[in-house]
Amino acid sequence: MMTSEENDLLCRVEGDAPMGQIMRRHWMPACLIEEVAEPDGPPLKVRLLGEDLVVFRDSDGRLGIIDEYCPHRRVSLAFGRNEECGLRCLYHGWKMDVEGNVIEMTSEPPESGFAEKVKIKAYPAREWGGFVWTYMGPAETMPEFEPPAFAPHEDTRVSIVKIHVGCNWAQILEGQIDSAHSSSLHSSDMKPAKVDAAKAVDTHWLRPSTDKAPRLQVERTSFGFHYAAIRRPIANPSTHDYVRVTVYVAPFTALIPPNNAYNVATVLVPADDTNTVFHFIAWSDKGGIDQEAWRKFNGAQPGIDLDRSFNNLRNRANNYKQDRQAMQLGDFTGIKGIPNQDIVMWETMGPIADRTKERLGASDLAVVEFRKLMVDAARQMRDTGVAIGRTTPHIPQAKIRSSESIVAKSTNWRTFTVTSDSEASKVA
């Protein structure tokens, strides 16, 4: 059971909160590239770690991520004119470039030199793997951008579901590293079958096990931890195990065991303490699944399941469009799409889950490990300024993988996550 103080350390990300300061020491997604694809297109309003920002692509194709509010009279630049390599405020015509320089002050005499004395907050931007990434920490601690685990190469095929979720980031992350819940909550979409490994078909996934109570084993690493959910396989249960290895890459990425068609990952971006942008990602260096098919499979198509700003049309006001008749006919939840089933669980915990009232069991081992790891990390950040994932030995994310397989009972699953030259990543 967690204390209220520990719960706050885990969940709070705004201002000087240690967890938010950890996240500021990592490159994080600001938005999808598709949202700001057009030079001189509409600026995009985003909220990251309690800060209101706008993202825009200028006339030359450069990306800017700047404070939403004009430094003059603090009106929103989300309504501004994106033109001639700058974002112009509608109120008095001040124009800012992608680096935060005020390049025009139409309301001030040019000879005043006022423009050279004013600058708007601006963060760096990088494009990779379908995302626009930014770094919000101190400039002197900014690491080189490196490819994330789900896009190790520039030509990796990446398909992304994006949904705004009305709750704190930590209860979503806990869902991503909770292997046990999939056998119940997602049982109509992840079906047991006599297959030799996890398979993806057009309408659902197949798994080679009927076991709903996995045995969990956890090991910490320099990037977070990985753990095995060990189940009895349908075939040869006396000699073999079905092992699904999930990876937590601190602070906000989870690598979910793959199927035969694509790998799966999630990346969480806290908008603030009680709102999170959830990304559910399918990726592959060969084949994979295209983005529209991935969004359709997950019941997360903009204009159909979501609005054009990626807000879910299923919500508490309409009971998440739960279909009770479908439940009577055999669908376990009556809710379409794996992410939507999860979102009902996450949001109904409340904006910030009260972990002081929980009763955890053996199947919650990975959740407990996450909480211990990140509460300790928050204290370390608060007391020493050292952020988890930014210390040595550093393992490039491109080397890290989740996995699943049927193996002999004597097999050591701990060798499955990182490449052979990465043994230094293991910690006690």
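**Briefing: fold, rings and backbone of a predicted chain**

Among contacts in the protein chain (heavy atoms within 4.5 Å) between residues at least 6 apart in sequence, 63% join residues at least 24 apart. This is a predicted model, where local features need pLDDT of at least 70, side-chain atom pairs count only at pLDDT 80 or more, and totals for chains, interfaces and linings use all residues. Residues are numbered from 1 along each chain as its sequence is written, and side-chain values use heavy atoms, with hydrogens and water left out.

**Overall build**

- The protein chain holds seven helices and 22 strands. Both are DSSP runs numbered from the N terminus: helices are H or I with at least four residues, strands are E with at least two.
- Along the principal axes, the C-alpha atoms fill a box of roughly 85 × 50 × 45 Å.

**Surface and charge**

- Of the 428 residues, 55% are buried. Buried means under 20% relative accessible area, exposed over 50%, and partly exposed in between, with a 1.4 Å probe and protein chains only.
- The accessible surface comes to about 18500 Å², and carbon and sulfur atoms account for 50% of that surface. Areas come from the Shrake-Rupley method with a 1.4 Å probe; for residues, only the protein chains shown count as cover.
- There are 50 positive and 57 negative side chains, and the centres of the two sets lie 6 Å apart. Lys and Arg count as positive, Asp and Glu as negative; His and the chain ends are not counted. Each charge is placed at NZ of Lys, CZ of Arg, CG of Asp or CD of Glu.

**Aromatic pairs**

- Rings of Phe, Tyr and Trp (its six-membered ring) pair if their centres lie within 6.5 Å; planes under 30 degrees apart are stacked, over 60 edge-to-face, and the rest tilted. By this rule the count comes to 18 aromatic pairs.
- Trp 294 and Phe 297 form a stacked pair, at 6.1 Å centre to centre and 15° between the planes.
- Both residues of that pair, Trp 294 and Phe 297, are buried. They lie in helix H4 (residues 291–297), three residues apart, about one turn of the helix.
- Ring pairs also link a cluster: Trp 27, Trp 128, Phe 131, Trp 133, Tyr 135, Phe 145 and Phe 150.

**Around helix H4**

- Arg 295 also lies in helix H4. Arg 295 counts as buried because its relative accessibility is 4%.
- Not counting residues up to four places away in sequence, Arg 295 touches several residues, including Leu 32, Glu 34, Ile 160 and Phe 310.
- Phe 310 sits in the loop between H4 and helix H5 (324–328). Its phi is near 70°, a positive value in a residue other than glycine. Phe 310 is buried, with a relative accessible area of 4%.

**Other backbone features**

- Glu 84, in the loop between strand E5 (81–83) and strand E6 (86–88), has a positive phi near 50° and is not glycine. Glu 84 is exposed, with a relative accessible area of 58%.
- A cis peptide bond joins Ala 250 and Pro 251, with omega about 5°. Pro 251 is in the loop between strand E18 (240–249) and strand E19 (253–256).
- Thr 392 to Pro 393 is a cis peptide bond, with omega near 0°. Pro 393 is in the loop between helix H7 (365–384) and strand E22 (403–408).
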